[in-house]
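Please look at the sequence and the model first.

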Amino acid sequence: MFFNRNDNDRRDPTGRKARIVPLLPLRDIIVFPHMVVPLFVGREKSIAALDEAMSHEKEILLAAQKKAKTNDPTPADIFGMGTLGTIIQLLRLPDGTVKVLVEGKRRAKITRFMPNDEFFLCEVEEIRETYQSAVEVEALMRSVQSTFEMYVKLNKRIPPEMLVTVQTIDDPARLADAIVVHLSSIKLVDRQQILETVDPAKRLERLFEMMQAEIEILQVEKKIRSRVKKQMEKTQKEYYLNEQMQAIQKELGERDEFKNEIQELEEKIKTKRLSKEGSAKVKKELKKLKMMQPMSAEATVVRNYIDWILGLPWYDKSEENYDIDAAERMLEEDHYGLKKIKERILEYLAVQALVKKLKGPVLCFVGPPGVGKTSLAKSIARATGRKFVRLSLGGVRDEAEIRGHRRTYIGALPGKIVQSLRKVGANNPVFLLDEVDKMSSDFRGDPAAALLEVLDPEQNHSFNDHFLDLDYDLSDVMFITTANTLQGIPLPLQDRMEIISLSGYTEFEKLNIAVKYLVPRQKKEAGLEEVDYEVTENAIRTIMHHYTREAGVRNLEREIGSLCRKVARQVLKEGRDKSIRITSKDVPHYLGIPKFRVGKKADADEIGLTNGLAVTSVGGELLECEVGVLVGKGKLVITGMLGKNMEESAQAAMSYIRSRAAVLGTEEDFYQKLDFHIHFPEAMPKDGPSAGITMATSIASALLKVPVRRDVAMTGEITLRGRVMPIGGLKEKILAAHRSDIHTVIVPRDNRKDLREIPKRVLKATRVILVDHMDDVLREALVAPPQALLDRPSRTMEYRDGVLVTQAGEPTVEPVLPAEPEAEPVESPLTHH
């Protein structure tokens with residue numbers, strides 16, 4: 001559908017002639033008056049609009065779309081102001097598109113769109129451009145022209161001849177339209193605003209602001225480019241001067257540092273004793289280094305690698321001490337007790353003295369904190385004459401900490417094993433791997449797996465570090481590891497070590513350690529060596545019982561140190577001549593209110609209350625068991641922070657009592673009428689089966705309403721048939737009973753072999769009853785046992801005067817030798833205070 005535009009020409013209200021012309025929507029371009037631009041047209045409506053224009057006066061309105069991505073625009077998608085232009089040339093291309101060359105003539109405003117489906121046809125109103133103040137416009141034109149000249153100098157993409165063209169334009173409207181075409185960085189919206197600005201003066205002002213902003217940006221870009229260029233020139237200059245300097249030195253025959261360094265490395269390789277593989281490797285790397293530029297990054301890596309190989313103690317060893325007596329004397333000076341460990345070290349030294357070549361043992365000391373694991377390793381190094389090196393593995397989670405990083409990584413280093421050996425300077429040190437149970441693993445690998453090769457005597461003679469990539473002999477290293485528990489150590493790693501358990505110190509051992517080591521050391525640190533100052537054994541026992549609760553002696557030393565510091569303050573106030581003697585009664589005055597209480601026997605025999613024995617991480621403890629009987633329906637309640645093993649032992653004890661109802665003289669169905677509540681008062685977690693006979697005794701006492709002897713303590717596991725099974729920690733338990741002033745202890749018969757570990761003076765003061773059935777336990781523990789139990793034959797055995805005797809007093813064939821007598825205390829034999 002076509003309109004006869006001549007018939008539709010009309011006048012607007014101001015008298016200006018309105019025209020109807022086809023419209024060509026443009027994407028991402030604004031055509032200004034006096035601007036000639038080629039366009040590629042491919043949309044059907046746009047081609048139809050061009051055909052309509054070519055068939056008449058070749059006039060067409062060029063208006064931009066608001067959004068370039070709109071393929072089928074509507075009148076609302078087109079800006080309301082455009083440029084009325086003329087088609088200069090039209091060329092149809094083989095692909096169906098049209099190439100058209102158009103020239104903008106005048107600004108025109110769309111007054112309305114005419115109905116037409118084939119192309120956009122609109123009624124437009126031509127815009128007349130007028131300005132008033134000629135002087136002001138002239139000044140503005142000069143400013144814009146000078147600014148554009150500066151812009152052209154900074155922007156090399158605008159040809160210089162364009163500047164000449166702009167300088168010859170004297171029409172302000174044409175000047176603005178000519179310049180805005182060359183500002184390529186201006187956004188489409190800003191160009192449209194300039195097109196819609198009718199007043200040439202305002203258009204020039206807006207254009208001036210835009211050019212000023214663009215000039216500032218271009219100046220900053222120029223500064224940045226200049227700075228980068230200078231930096232590059234400086235680097236090239238330095239490289240050139242370095243090359244010149246080297247050439248001059250070469251001509252003058254001056255000292256070449258790089259060559260001297262290579263000569264030094266060659267001398268070291270000649271004098272250093274290396275393995276066959278290491279020697280071949282380092283020579284190959286040195287040959288490679290000679291062909292490299294001294295300042296290259298690869299030369300630094302190779303030089304560092306050679307330094308590491310030459311710095312390791314491949315065959316450098318410290319002289320070992322084979323004097324067994326001297327070594328034993330040193331071990332005794334540093335540590336009290338620890339008989340098994342000392343014997344193991346002396347055995348190793350004896351075999352080493354005979355064989356001269358022995359694979360280093362891998363010992364693992366397992367025990368609670370403060371028992372002297374780390375200090376013992378230092379003493380072993382001193383006794384054997386070896387150097388000592390320590391590596392803490394707590395928190396290590398990267399396998400490269402053990403094996404090192406490969407040389408392909410920037411800043412790569414060998415693992416801590418190789419680093420420590422280079423640091424100590426000997427190939428046969430005592431190497432302590434501390435806290436081996438505190439390692440963990442993540443995506444970087446498992447360090448515990450890497451230790452398998454290090455700690456295996458059959459493999460560590462060819463330990464391969466990732467950085468060195470050479471086999472290194474670790475068989476002469478004496479590895480010692482420490483751990484608090486075995487739970488954190490993988491089983492394959494445990495299998496490669498000789499595990500030696502360091503249980504907590506007994507009260508006698510702590511007392512001797514305090515008297516011989518801790519008190520003298522703390523007196524020296526507090527400056528009390530010249531002062532008449534004494535801490536009695538009873539005072540030390542008070543500190544152990546009421547101010548510390550530990551397996552080791554670390555806190556005990558802290559409390560003794562605190563006591564010495566307070567005494568030092570007293571000495572300064574009262575004078576050095578005064579004699580100071582600290583007894584057990586004086587300890588609270590210096591250390592404050594006691595922090596812990598020691599278990600002790602009850603004041604009277606009570607029904608349902610039995611003294612049990614337990615072992616904790618800090619030693620043996622007296623464990624009271626209470627049973628209450630209530631009218632009910634046979635419910636069994638067990639309380640006291642108990643573990644699953646103790647709950648099962650309580651059920652086994654109840655089943656045994658029910659099975660012995662006839663012997664005990666109770667009703668067969670008592671469990672249907674009564675509720676039983678078993679309780680362990682101490683607010684601490686408890687677990688294990690060794691309280692079985694204790695609970696059974698309390699249940700029987702509460703059911704029969706017969707008191708339990710308060711001077712008897714017991715330990716043992718119970719079965720459904722009443723058999724008493726062996727338990728662990730007998731030494732600590734009997735010491736706990738002795739400390740609590742209990743002189744009769746009932747233990748399983750199968751534990752008689754453990755009596756050898758009990759100190760002799762404790763056995764002399766304690767009646768140890770060995771039982772294998774629960775009936776014998778009740779006969780010994782209850783104040784008035786049932787007659788049926790008394791009538792049954794007894795199979796108990798007792799420890800008396802160094803031998804085991806039967807209930808009838810007859811000695812057995814097998815004597816039980818007690819442990820070797822320990823060092824007697826300074827004041828008197830240990831008694832309970």
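## Salt bridges

There are 46 salt bridges in the structure, a salt bridge being a side-chain nitrogen of Lys or Arg within 4 Å of a carboxyl oxygen of Asp or Glu. The model is predicted: local features need pLDDT of at least 70, side-chain atom pairs count only at pLDDT 80 or more, and totals for chains, interfaces and linings use all residues. Residues are numbered from 1 along each chain as its sequence is written, and side-chain values use heavy atoms, with hydrogens and water left out.

Lys 153 and Glu 149 form a salt bridge in which the closest N and O atoms are 4.0 Å apart. Both residues belong to helix H3 (residues 134–154), where they are four residues apart, about one turn of the helix. Helices (H or I, at least four residues) and strands (E, at least two) are DSSP runs, numbered from the N terminus.

Lys 153 is exposed, at 56% relative accessible area, and Glu 149 is partly exposed, at 29%. Buried means under 20% relative accessible area, exposed over 50%, and partly exposed in between (1.4 Å probe, protein chains only).

## Pairs between elements

In another salt bridge, Glu 285 meets Arg 407, with 3.6 Å between the closest N and O atoms. Glu 285 lies in helix H9 (residues 276–290) and Arg 407 in the loop between H14 and H15, so the pair ties together parts that are 122 residues apart in sequence. Glu 285 is buried, with a relative accessible area of 2%, whereas Arg 407 is partly exposed at 28%.

A salt bridge also joins the side chains of Glu 332 and Lys 342 (3.2 Å, N to O). Glu 332 is in helix H11 (residues 324–334) and Lys 342 in helix H12 (residues 339–355), ten residues apart. Glu 332 is partly exposed at 40% relative accessible area, while Lys 342 is buried at 5%.

## Helix H16

Six of the eight residues of helix H16 (residues 447–454) are buried. They are Pro 447, Ala 448, Ala 450, Leu 451, Glu 453 and Val 454. Among the elements they pack against are helix H15 (416–424), strand S10 (430–434) and strand S13 (478–483).

## Lys 523

Lys 523 is found in helix H18 (residues 507–525) and is buried, with a relative accessible area of 19%. Beyond its neighbours within four places in sequence, Lys 523 is in contact (heavy atoms within 4.5 Å) with Leu 528, Glu 529, Tyr 533 and Cys 564. Cys 564 is 41 residues from Lys 523 in sequence, and their C-alpha atoms are 6.3 Å apart.
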